[in-house]
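Hi everyone, thanks for coming. Have a look at the model on the screen, and then I'll walk you through a few spots in it.

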Amino acid sequence: MDNITSLKLFWPESVLTVATLAMFIQDLLVRRSPRRELVLTVGALFWLGLTAAALAITPAGNVPLFGGLLQHDPFRIFFGWLFLGAALLTILIVPKSQQISPARLGEFFGLLFALLLGMFLMASATDLLMIYLSVETVSLVSYVLTGFHRHDRKANEAALKYVIYGGVASGVMLYGMSILYGLFATTHLTGDGGIGAQLADVTSRLFLAHAFGGQPAAQLALVVAVVFVLAGVGYKIASVPFHMWCPDVYEGAPTPFTAFLSVGPKAAGFAVAIRFFFAAFERQVPGGGYVAVTELPWPAIIGIISAITMTLGNLTAIVQTNLKRLLAYSSIAHAGYLLMGLAAASTEGVRSILIYLIGYVLMNVGAFLVVIAVSRHTGGEDIRDFRGLGTKAPLAAIALTIFLFSLTGIPPFAGFAGKYLIFAAVVQRGGFWFVLLAVIGVVNSAVSLFYYARIIKAMFLEDALDERAMSVPAIYTGVLVALAVPVMVLGIYWQPMIRWATNAFGGGFAL
Amino acid sequence: MDHPTTSTLLTWMTFLPLAGAALILPVLALRAGGALSKAAGDQICRLIALVASGAVLVLGWYLWRAFDPQNPALQFVQHGRWITAYNIEYFVGVDGISITLVMLTALISFIATIASMPWWPGNAHLDGHHFTQHGVPGYMAMLLILQTGMTGVFVSMDLFLFYVFWEVMLLPMYFLIGIWGGARKEYAAIKFFLYTLAGSVLMLLAIIGLYFYGPQEVVDGRLTHTFNMLKMAQWGRAGGYLAAPLIGSFHFINLAWIAFFIGFAVKIPMFPFHTWLPDAHVEAPTPISVILAGVLLKMGIYGILRINFAILPQATKWAAPAMAVFGTINIVYAAFVCLAQKDLKRMIAYSSVSHMGFCLLGMSAFTQQGIDGAVLNLWTHGLISPMLFLIVGVIYDRAHHRNIEGFGGLAQQVPEYAGLLGLAFFASLGLPGLCGFVSEFTVFLGSLVTWQTLTIISALSVIITAAYYLWAIQRMMLGKLNPTYATLPDVNWRERLTLYPLGALIIVFGFYPQAIFTLIEGSLRNLILPLQ
């Protein structure tokens with residue numbers, strides 16, 4: 001589609017661009033208003049609502065936009081809703097969190113919208129350059145938001161670490177992309193002459209296999225290039241070996257942003273990874289299932305990364321006492337589980353990732369929300385700050401219990417649905433290695449119970465450190481209920497999630 | 001669907017307690033709003049629990065009367081669709097394998113609920129730290145959710161539904177031990193949870209395997225797999241799972257069998273997965289120990305019968321010697337461990353391990369008597385071990401310790417208690433005329449044909465069992481009265497209400513075990529047919 005007609009399907013992104021600017025302007029306009037917190041929050045909700053409306057009226061379809069830079073398809077719409085949901089929760093959480101001063105609230109919201117724009121682009125990018133640019137947009141805004149407290153040493157350290165790791169990872173990714181360009185002489189993943197079409201074409205595959213005088217050198221170059229691109233994605237989703245920034249950033253960043261960071265950009269990273277592999281490097285074969293078109297072992301590579309990621313995340317989480325760090329390692333472990341779905345390299349695998357992400361957004365944001373509520377009261381985020389929460393704030397404690405059991409993957413909570421479907425997708429592939437991967441996955445699930453249960457133990461089984469009454473803002477109570485109820489309902493009744501995921505990923509992407 | 005809905009009774013039995021738990025929420029709201037005092041709210045919650053579990057017991061009685069023992073097939077079926085995309089169904093029913101356990105769950109849950117009440121006179125010694133005194137709404141809600149989970153496990157005929165109930169049950173158990181338990185409650189609770197979860201996650205993979213390699217059917221014009229356990233059993237019996245591809249160099253059925261077996265062995269608990277049990281029992285409050293021993297341990301054996309035996313008969317044959325050996329180890333090893341215990345509750349906990357070994361030994365023989373004995377043993381042990389734990393609870397509530405050596409001559413001071421204790425101990429050691437004897441004897445009768453040596457070893461260990469029980473009676477009840485307990489009150493009415501019914505049932509089924517055999521025989525005959 002040409003650029004002008006593409007704009008019709010680009011409304012959500014356009015609104016987000018305007019929203020970013022509008023938030024900064026509004027911030028200046030209400031500078032002296034005593035009710036600035038309320039005005040800015042309502043403003044942010046307004047722009048978010050407008051984006052949602054734009055997303056809702058965008059007609060369904062499956063067409064390339066802007067000459068193949070982006071793809072408009074149900075997959076993108078699915079992630080759009082997921083991102084908007086996470087953003088809505090963040091906007092509702094921020095004002096009462098006591099972590100973002102009212103003076104800088106407009107700035108925070110403006111950056112959040114810029115971040116959303118980057119994530120939207122990540123979910124629809126089908127061009128190497130577009131992928132790189134959108135990933136960088138998200139990264140740059142994330143650096144700023146991580147170091148939002150300029151005078152806080154931990155925030156500074158976190159932001160710096162984030163920048164350095166991010167710089168290295170995106171450099172590696174860009175290098176990988178340049179190799180891909182060298183091999184295929186195009187940056188398009190899809191469309192005529194795109195990487196996917198070239199790989200599907202037998203002659204170019206033969207060329208690839210026999211370039212350099214019959215040596216499989218080009219194939220090796222292809223593996224290296226894809227692994228390098230995976231580095232950039234792996235950094236966004238915090239998978240081993242690009243996870244080191246994660247705990248420090250989660251700890252140093254303002255907690256409402258940590259909550260968003262743990263779900264939004266991670267989901268966006270998976271959107272890129274899924275599109276990258278399934279639009280170009282995996283071909284559906286008749287009768288279901290996919291093969292890596294160059295007969296290269298992508299499932300093995302991703303499976304190994306997945307196994308290491310979840311094992312390391314879980315084992316390290318066991319020894320954490322700071323809850324934000326613990327949840328950081330737990331989110332690394334969850335990246336590992338999600339990668340299992342990618343390693344399965346099947347339609348079911350992708351759908352299970354999408355379903356997992358729905359539950360993950362609900363339960364992880366919910367867990368961070370309780371962390372915020374507790375640190376408002378105690379000023380700390382250690383596990384011992386949660387002692388006696390069961391009597392001090394029963395509702396928050398019960399909600400956190402639900403979220404943690406859901407994160408463990410115990411029925412009847414939404415986390416179980418996602419986890420079950422991921423394991424099912426892997427087992428369905430059959431064979432020793434896939435079964436081994438699934439076994440590693442379930443053993444990790446059992447291990448994760450150990451550290452999640454420590455928090456539950458502190459809340460219900462141990463006495464409070466002090467007798468001070470704890471107040472949870474009404475809006476937090478409302479959001480907690482609004483998160484806990486779907487976690488339970490979707491855990492028992494999966495049908496809607498399955499429908500959304502099937503709709504989003506019908507069976508591969510358009511070439 | 002080939003099992004049309006015939007009754008909603010099982011759904012009522014399963015979800016009535018859950019509805020009761022939901023009723024506790026408005027009580028909490030009223031209490032928080034100030035409309036109810038704390039004490040009144042507690043009483044209402046207790047009443048809700050009592051009424052809900054009592055109602056289930058009545059329904060259980062009706063189930064027993066209406067159950068047709070001549071029909072070995074599934075009865076009281078209810079069938080509904082749940083997650084259509086994967087053909088997961090809400091499918092419940094009972095047959096001879098599960099009928100006794102559904103009844104047992106209803107009975108033991110009610111007894112445990114009574115044992116959780118502080119209402120009867122003679123309870124003045126209960127202080128604020130006693131489990132009946134603090135966090136009452138939470139306790140009652142957990143107890144009711146637990147009952148839903150337990151009943152659900154026994155009535156589910158859809159493997160997925162089974163797994164969900166199996167896991168759901170863990171959560172309330174964790175809190176019941178962890179919040180209302182004894183000194184090392186946190187350790188015991190997490191150990192129980194981790195052991196069981198570690199076992200059950202492997203089971204989850206095996207369930208997925210059974211699904212994908214299992215039978216297919218057309219639903220809504222779409223070819224799909226099924227979690228229906230009956231269809232899986234048909235498929236497995238016909239050798240369908242033998243065709244599943246090798247995993248590495250292992251047969252799928254053997255790996256799946258092992259995965260299920262480990263999951264269930266943790267629950268039984270079978271040596272070497274039994275170490276969570278003494279801790280959980282010792283730390284759990286009395287009613288929870290009652291439920292643990294009376295119902296939860298039965299789930300392991302039930303699962304093996306329902307899944308390993310019914311769906312994977314070929315692998316069951318392959319693994320029979322291992323089951324028999326592990327059963328014997330359970331019987332003998334745990335009996336010797338009992339002999340060494342100083343804590344009365346720990347001793348009884350280990351005796352449970354020993355008695356569950358009889359089930360393993362009996363069913364691995366693949367004879368009618370063996371498997372009948374094993375399932376009867378679930379019933380008899382389900383009556384005897386709750387009584388034993390209640391007996392321990394009585395003395396612990398009064399003396400605040402359970403050290404066997406720390407008593408002495410109690411029979412003079414508390415004759416009624418001594419009599420009940422004697423009855424329970426003798427029932428457990430297998431005195432003829434009491435129901436424990438019948439099941440043990442039937443197990444030996446059945447297993448002697450197949451496993452001579454192992455059966456003889458196991459039978460000899462009954463001497464050890466007699467030794468530790470008699471020795472305990474001697475140390476606690478006989479001899480000179482320990483002056484510390486010169487004013488020890490005898491059992492009160494709350495305790496009588498729980499002890500006498502169990503004692504009566506122990507005697508009744510000691511003389512008339514046929515009532516149970518009639519119920520279970522038909523289905524069990526079909527179950528072992530492909531194994532012989």
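**Around one threonine**

Let's begin with Thr401(A): a polar atom of its side chain lies 2.6 Å from the backbone oxygen of Ala397(A). A quick word on the source: this is a predicted model, where local features need pLDDT of at least 70 and side-chain atom pairs count only at pLDDT 80 or more, while totals for chains, interfaces and linings use all residues. Residues are numbered from 1 along each chain as its sequence is written, chains are lettered from A and ligands numbered from 1 in the order in which they are written, and side-chain values use heavy atoms, with hydrogens and water left out.

Back to Thr401(A), which sits in helix α17 (residues 394–408) of chain A; helices here are DSSP runs of H or I, at least four residues, numbered from the N terminus. Is Thr401(A) buried or exposed? Its relative accessibility is 6%, so Thr401(A) counts as buried (under 20% relative accessible area, 1.4 Å probe, protein chains only). Leaving aside neighbours within four places in sequence, Thr401(A) is in contact (heavy atoms within 4.5 Å) with Ile456(A), Met459(A), Phe460(A) and, from chain B, Phe175(B).

Now for a helix pair. The axes of α18 (residues 414–429) and α19 (residues 432–461), both of chain A, come within 7 Å and cross at roughly 160°. That makes α18(A) roughly antiparallel to α19(A), a label for angles over 145 degrees. Among the residues that meet there are Phe423(A) and Val426(A) in α18(A), and Leu437(A) and Gly441(A) in α19(A).

Last stop, α6(A): 14 of its 19 residues are buried, so α6(A) is largely enclosed by the rest of the structure.

Technical notes. Buried means under 20% relative accessible area, exposed over 50%, partly exposed in between (1.4 Å probe, protein chains only). Helices (H or I, at least four residues) and strands (E, at least two) are DSSP runs, numbered from the N terminus. Axes are lines fitted to C-alpha atoms, for helices over the stretch in contact, and angles run from 0 to 180 degrees between N-to-C directions. Angles under 35 degrees count as roughly parallel, over 145 as roughly antiparallel, 65 to 115 as roughly perpendicular and the rest as oblique. A polar contact is a pair of N or O atoms within 3.5 Å; within protein, one must be able to donate a hydrogen and the other to accept it, and residues adjacent in sequence count only if both atoms are side-chain atoms.
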